[in-house]
Amino acid sequence: MSSPLTIRNLTSRPIELKRYEYHATAPSLSRGGIANITQNVTSLFRNATTPAAPPVSEPASSFIHQDVSIRIEPFTSLQTDIKPQSPNETIHLTFETEGEQHRLETPTPTSDSTILKPLAENPRFKYTAVHLLEHSHLTLYSSAYLSSWMRSLRDDTPLSALSIPGTHNSPTCHRALPSVRCQATSPPEQLDNGVRFFDIRVQPEAPLDPAKDGLILVHGVFPISLTGNKYLRDLLAEVYNFLDRNPSETVIMSLKREGTGDATDAQLSRILKDHCAGDLKRWFTAPRIPYLGEARGKVVLIRRFGLDDNLKHEWGGAGWGIDAENWADNTPNATCPSGDVCVQDFYEVLETENIEKKIQYSQDHLERAAKCVCKLSERGEINAAEPPKQPFFINFLTASNFWKVGCWPEKIAAKLNPAIVDFLCRRHNEPSSTEAEPKAAGDGSTGIVVCDWVGYKGNWDLVRCIVGMNAKLEMREHDG
C-alpha cells in the first residue's frame with residue numbers, strides 16, 4: 001500500500017485544493033474494493049494539502065469525489081491522508097488560484113514534471129508538478145515559461161541572486177570521444193528550455209595572427225566533435241539569435257582556454273575583445289556582477305583566463321569581465337580572490353562510490369546559496385555605482401573519470417541529476433524545525449547550477465526545479 005501524499009507549494013501564491021476524485025484505471029473494480037475505499041474517505045483530508053498533476057484526458061467517471069476548500073500557503077509542505085488504495089487507482093486534484101482552476105492527476109505515469117491542465121481558456125497562471133513516486137511527494141512550481149522566465153523579475157534584481165540553470169561544456173552535444181560529450185541537446189534547445197549559463201572552453205586557432213577570430217570549441221585537449229572543428233563564432237550566433245527573440249533574458253558565459261598548442265591567456269583575451277565581446281550592445285564586460293536590467297539581451301562575461309596588459313586598464317583600470325581567473329582546483333567550496341564567484345567544482349570521481357560524496361558537496365553548495373537574502377532597492381531602480389555584494393554561487397553537478405565507464409559524464413548525471421531534483425523538491429530551503437516559529441533563512445536561491453545531460457529524452461525536470469526556486473525572490477519583489 002502506498003504512503004500518504006505529501007504536497008509542497010513552492011509557488012509565490014496560495015493555492016487552494018477545491019476537489020479530489022478517485023478514478024479506477026483498470027476496466028473493472030470489485031464492489032468490495034469500492035466499499036473498502038469508501039470506509040476510509042471520512043479521514044482522507046484530516047491534514048489535506050495541495051498537489052500538482054499532468055494534463056488529464058477526460059477519464060472514466062470517478063467512483064469517489066469530494067468538494068473541499070483547503071488552502072496551502074506559499075513555501076509550505078503538508079502531509080495528507082490522500083493515497084490510492086490500490087495500484088489501479090489515480091487521484092485527480094483540482095486547485096484554484098485567484099479564481100482560476102487547474103487539474104492534476106497523480107500518480108503520473110513517470111516521475112517527469114508535468115504541466116497542470118488549466119480548466120479555463122487563456123489562463124493567467126501556469127503550474128508544473130514534479131511527483132517523486134518513491135517518497136509519495138508532490139511539489140508544485142510556477143516555472144512553465146522556460147523560454148523567457150526572466151521577464152517576471154525586476155530590473156534591479158542582482159543577477160547573482162537568481163536561481164539559474166547552466167550546462168557544463170555546453171556545446172558538447174556532438175559525436176565525440178568518451179567522456180568528452182557532456183550534453184544531450186544543442187545549445188539552442190538548452191536556451192529555449194531555460195538554461196542561462198554556458199560553460200565554454202576554447203583553443204585559439206591562430207594566436208599569433210590578430211586578424212584571425214578562430215576559437216575552436218574544446219573539452220580539455222580534445223575537440224568537441226569527431227566530424228570537424230566547431231567554432232565559438234557559430235555558437236555566439238545562436239546565442240544572439242535567442243536573445244534577439246527573447247530580449248528579457250540574459251546568458252552568462254564562462255570562458256576558459258583549454259586545448260593543445262602554445263596559445264596564452266593574453267592572446268585569447270585579445271581575440272575575444274577584438275572579434276567577439278567588444279560590442280557593448282551584445283556583451284556586459286564590466287568587472288562586476290550586474291543587475292538583471294543591465295544584462296537583458298546581452299551575454300555576461302565570466303572570464304577564467306588572464307588578461308592582456310592593455311585589457312587590465314579597461315573600465316577605468318578595473319579590468320575586463322567578471323574575474324574568475326583563479327579558483328581552487330577540484331574544490332568542494334572556494335571563493336575566487338575577486339570575491340565575485342564562490343564555486344563547488346569537485347570533479348575527480350575516480351570510483352562510482354564517490355558519486356555520493358559529489359552529491360553531498362552539491363547539496364551543501366545549494367544550501368549556501370539558499371541562505372542569502374539579496375538587497376532590493378526601495379524604488380526598484382538600478383544603482384550601478386553600488387554593485388551587488390552577493391557573489392555568484394556556481395555549483396557544478398559534473399564529474400568524470402575517462403578510465404571508468406561508470407564515471408563517464410552521462411553515467412554520473414544519471415545518478416546526480418535525480419538526486420538534486422529530489423533535494424530541491426523535498427528539502428531545499430526547508431525551515432528549521434528547531435525554531436519556535438520556524439522560517440527559512442534566505443531567499444532559497446540555488447545559485448548557478450551547472451549540469452550534464454539535462455534534457456535527455458525530453459526530461460527537463462532539473463531545469464524546471466531550478467527556475468522554480470526564483471519564486472520566493474519574485475514574491476519579495478512583488479510585495480515590495
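pLDDT is the predictor's confidence in each residue, from 0 to 100. For the chain shown here, the mean pLDDT is 88, and 88% of the residues reach 70 or more. Residues 27-59 have a pLDDT below 50, and in the model this stretch has 90 contacts beyond near neighbours in sequence; a contact means heavy atoms within 4.5 Å. The model is predicted: local features need pLDDT of at least 70, side-chain atom pairs count only at pLDDT 80 or more, and totals for chains, interfaces and linings use all residues. Residues are numbered from 1 along each chain as its sequence is written, and side-chain values use heavy atoms, with hydrogens and water left out.

**View 1. The open sheet of five strands.**
The strand order is S3-S2-S5-S6-S8, with antiparallel pairing. Strands (E, at least two residues) and helices (H or I, at least four residues) are DSSP runs, numbered from the N terminus. Two strands pair if DSSP finds at least two bridges between them. S3 (64-72) and S8 (117-118) stand at the edges with a single partner strand each, so one side of each has no neighbour in the sheet. Eight bridges join S2 (residues 15-24) to S5 (residues 89-97) in the antiparallel sense. Glu 21 has His 92 in S5 as its bridge partner. Strands of a sheet pair through backbone hydrogen bonds, either parallel or antiparallel.

Glu 96 belongs to strand S5. Glu 96 is buried but has no salt bridge, and the nearest side chain of opposite charge, Lys 18, is 4.4 Å away. Buried means under 20% relative accessible area, exposed over 50%, and partly exposed in between (1.4 Å probe, protein chains only). A salt bridge is a side-chain nitrogen of Lys or Arg within 4 Å of a carboxyl oxygen of Asp or Glu. For charge, Lys and Arg count as positive and Asp and Glu as negative, while His and the chain ends are not counted. The side chains of Glu 96 and Gln 101 make a polar contact (2.9 Å). A polar contact is a pair of N or O atoms within 3.5 Å; within protein, one must be able to donate a hydrogen and the other to accept it, and residues adjacent in sequence count only if both atoms are side-chain atoms. Not counting residues up to four places away in sequence, Glu 96 touches Pro 14, Ile 15, Glu 16, Lys 18 and Gln 101.

**View 2. Strand S9 and its partners.**
S9 (residues 128-132) is largely enclosed by the rest of the structure, because five of its five residues are buried. Thr 128, Val 130 and Leu 132 lie on one side, and Ala 129 and His 131 on the other. S9 runs antiparallel to S7 (residues 114-115), joined by two bridges; Thr 114 is paired with Ala 129. Five bridges link S9 to S10 (residues 137-141), also in the antiparallel sense, and the partner of His 131 is Leu 138. Four residues separate the strands of the S9 and S10 hairpin, where Ser 136 takes a positive phi near 50°.

**View 3. His 219 in strand S13.**
His 219 lies in S13 (residues 215-219). His 219 counts as buried because its relative accessibility is 15%. A polar atom of the His 219 side chain lies 2.9 Å from the backbone oxygen of Val 180. Leaving aside neighbours within four places in sequence, the contacts of His 219 include His 168, Cys 182 and Glu 258.
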